[in-house]
Amino acid sequence: MPGSAKAMAILTVGGLVMVTAYTVTLGSNGWLWFGWVVLGLLTVGVMAARGT
């Protein structure tokens, strides 16, 4: 996995942890989950484009 794709994957997993922690402590926020889904789709797209 190239460096940029690896960094995006780490950012996506970190974002999932942060959104989950926010949801547990303060309640659900649909925009945060929507943003995380978009980030996840972008990460999958970058990995597919890189051929990994």
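Predicted model: local features only at pLDDT ≥ 70, side-chain atom pairs only at ≥ 80, totals over all residues.

Student: What secondary structure does the protein chain have?

Tutor: Two helices and zero strands. The C-alpha trace spans about 40 × 15 × 10 Å along its principal axes.

Student: How do you know that the span of helix 2 agrees with its number of residues?

Tutor: The expected span is 1.5 Å times one less than the number of residues. For the 21 residues of helix 2 that gives 30 Å, and the end C-alpha atoms are 30 Å apart, so the two agree.

Student: What makes tryptophan 31 and phenylalanine 34 an aromatic pair, and of which kind?

Tutor: Rings of Phe, Tyr and Trp (its six-membered ring) pair if their centres lie within 6.5 Å; planes under 30 degrees apart are stacked, over 60 edge-to-face, and the rest tilted. Tryptophan 31 and phenylalanine 34 sit 5.9 Å centre to centre with 90 degrees between the planes, which makes them edge-to-face. They are three residues apart in helix 2 (residues 30–50), so about one helical turn separates them.

Student: Why would that spacing matter for direction?

Tutor: An α-helix has 3.6 residues a turn, so residues three or four places apart point the same way.

Student: Why is the pair of tryptophan 33 and tryptophan 36 called edge-to-face?

Tutor: Their ring centres are 6.5 Å apart and the planes are at 75 degrees, so the pair gets that label. Tryptophan 33 and tryptophan 36 are also three residues apart in helix 2. A search of the whole structure finds two aromatic pairs.

Student: Which of these tryptophans is called exposed, and why?

Tutor: Buried means under 20% relative accessible area, exposed over 50%, and partly exposed in between (1.4 Å probe, protein chains only). Tryptophan 31 is at 69%, so it counts as exposed. Tryptophan 33, at 27%, is partly exposed, and so is tryptophan 36, at 23%.

Student: What makes threonine 43 buried or exposed?

Tutor: Threonine 43 is at 6% relative accessibility, so it counts as buried. Threonine 43 belongs to helix 2, and its side chain makes a polar contact with the side chain of threonine 12 at 2.6 Å. A polar contact is a pair of N or O atoms within 3.5 Å; within protein, one must be able to donate a hydrogen and the other to accept it, and residues adjacent in sequence count only if both atoms are side-chain atoms.

Student: And threonine 25: what is its label, and why?

Tutor: Exposed, because its relative accessible area is 60%. Threonine 25 is in helix 1 (residues 3–26). Its side chain reaches the backbone oxygen of alanine 21 at 3.0 Å, while the backbone oxygen of tyrosine 22 lies 3.3 Å from a polar atom of that side chain.

Student: What sits at the ends of helix 2?

Tutor: Asparagine 29 caps the N-terminal end, with a side-chain oxygen 3.1 Å from the backbone nitrogen of tryptophan 31. Helix 2 is followed by glycine 51, whose phi is positive, near 80 degrees.

Definitions and conventions: Residues numbered from 1 in each chain as written. Heavy atoms only, no water. Helix = DSSP H or I, 4+ residues; strand = E, 2+ residues; numbered from the N terminus.
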